[in-house]
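Please keep the sequence and the structure in view while reading.

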Amino acid sequence: MAYDDRLALLRGIKAAEKLHRDLGSRKVLESSVRVDVFGAIARTGAILMFKPLDPLLGAFMREGDLMGVMLTVRRPIGQQRFTAAHELGHLIMGHEPHADDENILRRAPIEGNYEQIPVQEREADAFASNFLLPKFSLAKLHEQQAWERRDYENPHTVYQASLRFGASYRATVQAYERDRLVSSAARRTLFGIQPRDLKAELVDGHAVDDWRDRDVWRLTERDEGSVIEANRRDLFVLKLKEHGGSGYLWTFNELERAGFLILKDETEAMYPDRIGGPRPRYVLGEAPDMENGTYTLREARPWRTGEGGNQVTVHFRRALGREDGQYEPQLNRLAGTG
């Protein structure tokens with residue numbers, strides 16, 4: 001049985017790697033680390049639909065030459081995207097039609113030991129992990145954020161990584177163990193942390209009445225040039241080093257004009273005994289109506305027009321997949337408007 005587990009794991013990995021090569025994913029992603037799993041499904045010719053399924057998470061259907069994937073809108077985006085990758089695995093590997101419930105979220109392809117799980121499910125699990133969280137995306141984010149190996153034992157690091165990958169916290173932990181960035185002991189510790197508690201810690205006392213479908217992005221200077229794909233209900237914590245002693249202040253005019261709403265704005269001395277030293281600027285905000293675009297935060301002296309200091313530019317995109325109906329880009333193409 002362990003041998004069969006190993007073969008299923010390898011088949012899933014190879015299928016995911018081949019699809020990434022066919023899609024040219026390394027080049028297409030550029031500054032992003034989030035794999036376009038919905039677009040990959042659409043490119044196969046399968047119809048992609050979003051429905052309020054319950055208790056199912058997703059299903060893969062095939063009838064003759066017609067193929068389709070259906071995903072629930074009643075789960076967080078990370079779980080929804082992992083389910084999408086799992087169903088894509090079934091499609092790519094020529095599996096039989098199948099419907100999946102939340103059990104696919106509890107399995108760990110890195111460990112094998114499925115025993116009672118059908119081979120096609122093992123293959124689809126391995127495919128999903130390696131397609132949604134490929135080694136090259138993990139390496140790219142590692143370089144962008146300048147993380148060190150010990151950082152992966154910090155649940156906040158893993159949670160922020162999961163947002164950028166568009167994967168669940170749990171799937172991200174498993175991917176880091178898969179690539180030997182965390183140990184099995186660290187994985188068990190990380191599994192004991194609830195993302196909701198991490199979100200509450202990030203907003204630092206700000207009252208949030210409902211955490212459903214709401215994440216908290218922590219953005220710093222290390223996010224320069226990054227792609228941020230967020231939902232309308234997400235919150236943003238901007239923590240930037242500010243040189244106020246030299247007269248330089250971070251300005252958020254461009255973001256505010258685009259619809260960014262500041263909920264909290266605080267500064268705190270980094271070196272209280274050093275007059276004029278740098279200090280962190282903490283801004284909490286939301287962007288329910290902000291449009292896709294490229295936005296720049298600038299540190300400048302307000303009285304010196306045109307003089308700039310540090311800046312951070314991010315590419316903002318609205319995450320897709322939360323609306324009922326057919327996948328919008330696919331529907332637009334079929335209608336001749338996309």
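What follows describes pockets, cavities, a helix with its surroundings, and some backbone features of a predicted model.

## Pockets and cavities

The table lists the spaces discussed here, with the volume of each and the make-up of its lining.

| Space | Volume | Lining by class |
|---|---|---|
| Largest pocket | about 910 Å³ | 17 nonpolar, 8 polar, 16 charged residues |
| Second largest pocket | about 600 Å³ | 13 nonpolar, 6 polar, 9 charged residues |
| Largest cavity | about 160 Å³ | 13 nonpolar, 2 polar, 1 charged residues |
| Second largest cavity | about 50 Å³ | 3 nonpolar, 5 polar, 2 charged residues |

The largest pocket, with a volume of about 910 Å³, is lined by 41 residues, and those closest to its centre are Pro76, Gln79, Ser168, Tyr169 and Pro195. Its lining draws at least two residues from each of the helices α4 (77-92), α7 (155-165), α8 (169-178) and α10 (195-203), and likewise from the strand β6 (227-230).

The second largest pocket is lined by 28 residues, and Arg34, Val35, Asp36, Glu229 and Arg317 lie nearest its centre. Elements that each supply at least two residues to this lining include α1 (2-23), α2 (25-29), α12 (328-335) and the strand β12 (308-318), while α3 gives the most, with 4 residues. Both α4 and β6 supply at least two residues to the lining of the largest pocket, and each of these elements also supplies at least two to the lining of the second largest pocket.

Of the 16 residues that line the largest cavity, Leu219, Leu238, Leu255, Leu297 and Val314 are the closest to its centre. Two or more residues of that lining come from each of the strands β7 (235-242), β11 (293-300) and β12, and by class the lining divides into 13 nonpolar, 2 polar and 1 charged.

The second largest cavity has a lining that divides into 3 nonpolar, 5 polar and 2 charged residues. Ser31, Ser32, Val33, Leu141, Gln144, Gln145, Arg164, Asp223, Ser226 and Val227 line this cavity, and helix α6 (residues 135-145) gives the most to the lining, with 3 residues.

Is helix α8 largely enclosed or largely open? Of its 10 residues, 9 are buried, so α8 is largely enclosed by the rest of the structure. The buried residues are Tyr169, Ala171, Thr172, Val173, Gln174, Ala175, Tyr176, Glu177 and Arg178, and among the elements that cover them are α4, α5 (119-132), α6, α7, α9 (184-191) and α10. One of these buried residues, Tyr169, is also among the residues closest to the centre of the largest pocket. After the helix comes Arg180, whose phi is positive, near 60 degrees.

In soluble globular proteins, nonpolar side chains tend to be buried together. Here the largest nonpolar core has 83 residues, of which Phe38, Phe131, Phe165, Tyr176 and Phe236 touch the most other members, and α4 gives the most to this core, with 6 residues. When residues up to four places away in sequence are not counted, Tyr176 touches Leu138, Leu141, Trp147, Tyr152, Val158, Ala161, Phe165, Leu181 and Val182. Among these contacts of Tyr176 is Leu141, which is also one of the residues that line the second largest cavity.

## Backbone details in the loops

Most residues other than glycine have a negative phi, and most peptide bonds are trans. A cis peptide bond, with omega about 10 degrees, joins Asp54 and Pro55, and Pro55 is placed in the loop between β1 (47-51) and β2 (58-63).

Which values of phi and accessibility does Ala146 have? Ala146 has a positive phi, near 55 degrees, in the loop between α6 and α7, and with a relative accessible area of 43% Ala146 is partly exposed. Asp204 likewise has a positive phi, near 55 degrees, and is found in the loop between α10 and β5 (216-219). At 47% relative accessibility, Asp204 counts as partly exposed.

Definitions and conventions: Residues numbered from 1 in each chain as written. Predicted model: local features only at pLDDT ≥ 70, side-chain atom pairs only at ≥ 80, totals over all residues. Heavy atoms only, no water. 1 Å grid on protein atoms, 1.4 Å probe; cavity = no way out; pocket = protein on both sides within 12 Å on 5 of 7 lines; lining within 4 Å. Points joined across faces, edges and corners; volume = space filled by probe spheres on them. Nonpolar A, V, L, I, M, F, W, Y, C, P; charged D, E, K, R; others polar. Buried < 20%, exposed > 50% of the residue type's maximum accessible area, 1.4 Å probe, protein only. Contact = heavy atoms within 4.5 Å. Core = buried A, V, L, I, M, F, W, Y, C linked by side-chain atoms within 4.5 Å.
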